[in-house]
Amino acid sequence: MDNNNPLLCDPESGVCEIPTNKTNSADNSSVKADKKPVKIIYYTDPICSSCWGIEPQLRKLKLEYGNNIEVEYRMGGLLPNWSYNSGGISKPSDVAHHWDEVSVYYDMPIDGNVWLEDPLPSSYPPSIAFKAAQMQDNEKAILFLREIREMVFLQKKNITKWEHLEVAGKKVGLDIVKLKIDYEGKAKELFEEDLKLGRELGVRGFPTMFFTDTTGQKEMVYGSKPYSTFESGLLKLFPTATKSTYDKTWNAVFSKFHSLTAKEFSELTGTPRNESEIFLDDLTAKGHLEKLTTKNGAIWTIKNTSR
């Protein structure tokens, strides 16, 4: 397999790499924390499987250190189109088997069959839709990103199609008329700005997280890494950061996050991974949760909840 396809993420390094972006470690000291002691600039993409792989770690970081960090989501432009490919990976169906493999590696459900059934021509439309959502409400935009990720990774939906973006927007409470106007207009410029900053910062793949303090000092975490790596990136810049204790009961974590995989539930509650699925299935049997099963794992949502 020719590895110049960004959708062939390397599970060992935990990175989906952009083939065209050569490393440019230009220091951009204009990027610094202002609202909280540490800002995390998170370069991601809606269809980056490695980014889906770090959802458990990122959610835990927000719960434990939310008082000390602000996370700024930026879109990186993983798949402009299929025209730049050469070598063995030249069409969407080549990605299907790979997604099934990384699903097992990250222990996060991903169904690669979307690339056989309704393949995406680009990751730009859902990235632009995210920027449109951000223009309305940052927290809702993060929920929107999660929705469209679940759509593409678990429900095999082509999230370049407006019909799916609209459903996700409604679900998280966005103004759909405004979303469409911004998606077709200003959001494209904001996406271009993200790509430009990414080039300046030397982003060459996803996930990339820049931890920066109020003086502009930076730490970078590149790729899918264990929770301790993200935590240490934060603590290097802000050694006095204190962990928040949070309620680890199942109903508390499900009220915080609408949907959880078994890996996420394990990471957030401290339940051993081999027990988390049994526990979640038991709650499903008792009627507390709903379960969506894919060929590579499942996701659970709390019943009858509004966001």
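Let me start with a definition: buried means under 20% relative accessible area, exposed means over 50%, and partly exposed is in between, using a 1.4 Å probe and protein chains only. By that rule, Phe279 is partly exposed, because its relative accessible area is 36%.

Before I go on, a word on the source: this is a predicted model, where local features need pLDDT of at least 70, side-chain atom pairs count only at pLDDT 80 or more, and totals for chains, interfaces and linings use all residues. Residues are numbered from 1 along each chain as its sequence is written, and side-chain values use heavy atoms, with hydrogens and water left out.

Let's stay with Phe279 for a moment. You'll find Phe279 in helix H13; helices here are DSSP runs of H or I with at least four residues, strands are E runs of at least two, and both are numbered from the N terminus. Which residues does Phe279 touch, leaving aside its neighbours within four places in sequence? Those are Trp250 and Phe265, where contact means heavy atoms within 4.5 Å. Val104 sits 175 residues from Phe279 along the chain, and their C-alpha atoms are separated by 20 Å.

Helix H13 covers residues 273–285, and Asn274 has its place there too. Asn274 is exposed, with a relative accessible area of 60%. From the C-alpha atom of Asn274 to that of Thr160, 114 residues away along the chain, the separation is 36 Å.

Now, the whole chain. We have 13 helices and nine strands. The C-alpha atoms fill a box of roughly 50 × 50 × 40 Å, taken along the principal axes. A compact globule of 307 residues would have a radius of gyration near 19 Å, and the chain agrees, with 19 Å; the radius is taken over C-alpha atoms, and the globule rule is 2.2 Å times the number of residues to the power 0.38. Of the 307 residues, 55% count as buried. Among contacts with a separation of 6 or more, 72% are between residues 24 or more positions apart. The accessible surface comes to about 13,000 Å², and carbon and sulfur atoms hold 50% of that.

On to a helix pair. How do H8, residues 176–184, and H9, residues 186–201, cross? Their axes come within 3 Å and cross at roughly 55°, which makes H8 oblique to H9. For the cut-offs, angles under 35 degrees are roughly parallel, over 145 roughly antiparallel, 65 to 115 roughly perpendicular, and the rest oblique. In this pair, Asp182, Tyr183 and Glu184 of H8 meet Lys186, Ala187 and Lys188 of H9. The residues of that contact divide into two nonpolar, no polar and four charged.

Finally, some backbone details in the loops.

Asp107, in the loop between helix H3 (93–106) and helix H4 (114–117), has phi near 60°, a positive value in a residue other than glycine. Asp107 counts as partly exposed, at 27% relative accessibility. Lys156 also has a positive phi, near 60°, and lies in the loop between helix H6 (138–153) and helix H7 (162–171). At 26% relative accessibility, Lys156 is partly exposed. Thanks, everyone!

Conventions:
Axes are lines fitted to C-alpha atoms, for helices over the stretch in contact, and angles run from 0 to 180 degrees between N-to-C directions. Ala, Val, Leu, Ile, Met, Phe, Trp, Tyr, Cys and Pro count as nonpolar, Asp, Glu, Lys and Arg as charged, and the others, Gly among them, as polar. Accessible areas come from the Shrake-Rupley method with a 1.4 Å probe; for residues, only the protein chains shown count as cover.
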